[in-house]
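Please go through the model below with attention to backbone angles, solvent accessibility and charged side-chain pairs. The paragraphs that follow take these topics in turn.

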Amino acid sequence: MDAFFSFFILGIPGVLTYLITKGLGTSTSNQQSNTELVAITSLLWIPTILVSILFFNILYFFTDLILTSFDITYFSTFDITYINSISTLKDNIDPFIFIFSFSIIMIISSIAVSIIAPSIYALFIGLINNIRLKKNHAKISPGISVWHKFFILKNEEQPSEANNEQSLLVQMYYLDVKTNPIYGSLTFIPADDKQKKQFIMEYEKEWTELIEELHHIKEDFSVPISRTFFDADSRLVVNEIDRVQLDETIKEVNH
């Protein structure tokens, strides 16, 4: 029972909250080392279990109040009581009904903590940056990788497409080989920047032909670039094409 209590109460809440934060996109998708993972899940365990206990006690109070009004002693039958210490929490874990209900409460609490966590983290970063500025150090940005910031975060300046999502229209080439760049629409990018740099690109032929035609029709045409991603290891350059300016150029040429 002690092993199950440790796993159920001390293990699941922090890990569950960590996985939900990654799923909701409120934390970086980088792979952490075992030490970092233990530290993160331990920190997330504290608010998650406290919120879970708070939710349980509130639910227990109102449920017991309603059942008592009908002379029903449901909780006392299973020896379920308020949680005000580790020992009462451990005693409550015997009945299966408590495990079932507390598991649901932990899931709800994990989601709530995952939603609130970014705001707390932003306040924490703001405090650190104030101290760094006083020491004449540059400010640090939130813990999001360059890969995540460029490929995962939605660029609101670009027009939306189907399903409220937008494909990333790019120009790709290696720094040592700038001739014959690849044009296309990126429709899949790995969320983890430590995975292999693999993309799914669509309409490569169509976009390449369009760009070449614009160069042929308009001699002073240059591909409008809004952002550039550079991988120092592979020397891969990914230029995001400004769709707004490109559409204006296409309309100008058609007229």
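Asn-136 counts as exposed, with a relative accessibility of 73%, where exposed stands for over 50% relative accessible area, buried for under 20%, and partly exposed for the range in between, computed with a 1.4 Å probe on protein chains only. Asn-136 belongs to the loop that joins helix 5 (96-134) to helix 6 (146-152), and its phi is positive, at about 60°, although the residue is not a glycine. Helices (H or I, at least four residues) and strands (E, at least two) are DSSP runs that are numbered from the N terminus.

This is a predicted model, in which local features need pLDDT of at least 70 and side-chain atom pairs count only at pLDDT 80 or more, while totals for chains, interfaces and linings use all residues. Residues are numbered from 1 along each chain as its sequence is written, and side-chain values use heavy atoms, with hydrogens and water left out.

A positive phi is also found at Asn-180, a residue other than glycine, with a value near 50°. Asn-180 sits in strand 2 (residues 177-188), and its relative accessible area of 71% makes it exposed.

The charged side chains come next. Side chains of opposite charge can pair when their charged atoms come close. The structure holds three salt bridges, each defined as a side-chain nitrogen of Lys or Arg within 4 Å of a carboxyl oxygen of Asp or Glu.

One of them joins Asp-176 to Arg-235, with the closest N and O atoms 3.3 Å apart. This pair links distant parts of the chain, 59 residues apart, since Asp-176 lies in the loop between strand 1 (168-174) and strand 2, and Arg-235 in the loop between strand 4 (225-231) and strand 5 (236-241). Asp-176 is exposed at a relative accessible area of 59%, whereas Arg-235 is partly exposed at 33%.

Another salt bridge is formed by Lys-218 and Glu-252, again with 3.3 Å between the closest N and O atoms. Lys-218 is partly exposed, with a relative accessible area of 21%, and Glu-252 counts as exposed at 51%.

In which strands do Glu-240 and Arg-227 lie? Glu-240 is in strand 5 and Arg-227 in strand 4, 13 residues apart, and their side chains meet in a salt bridge of 2.5 Å, N to O. Glu-240 is buried, with a relative accessible area of 2%, while Arg-227 counts as partly exposed at 23%.
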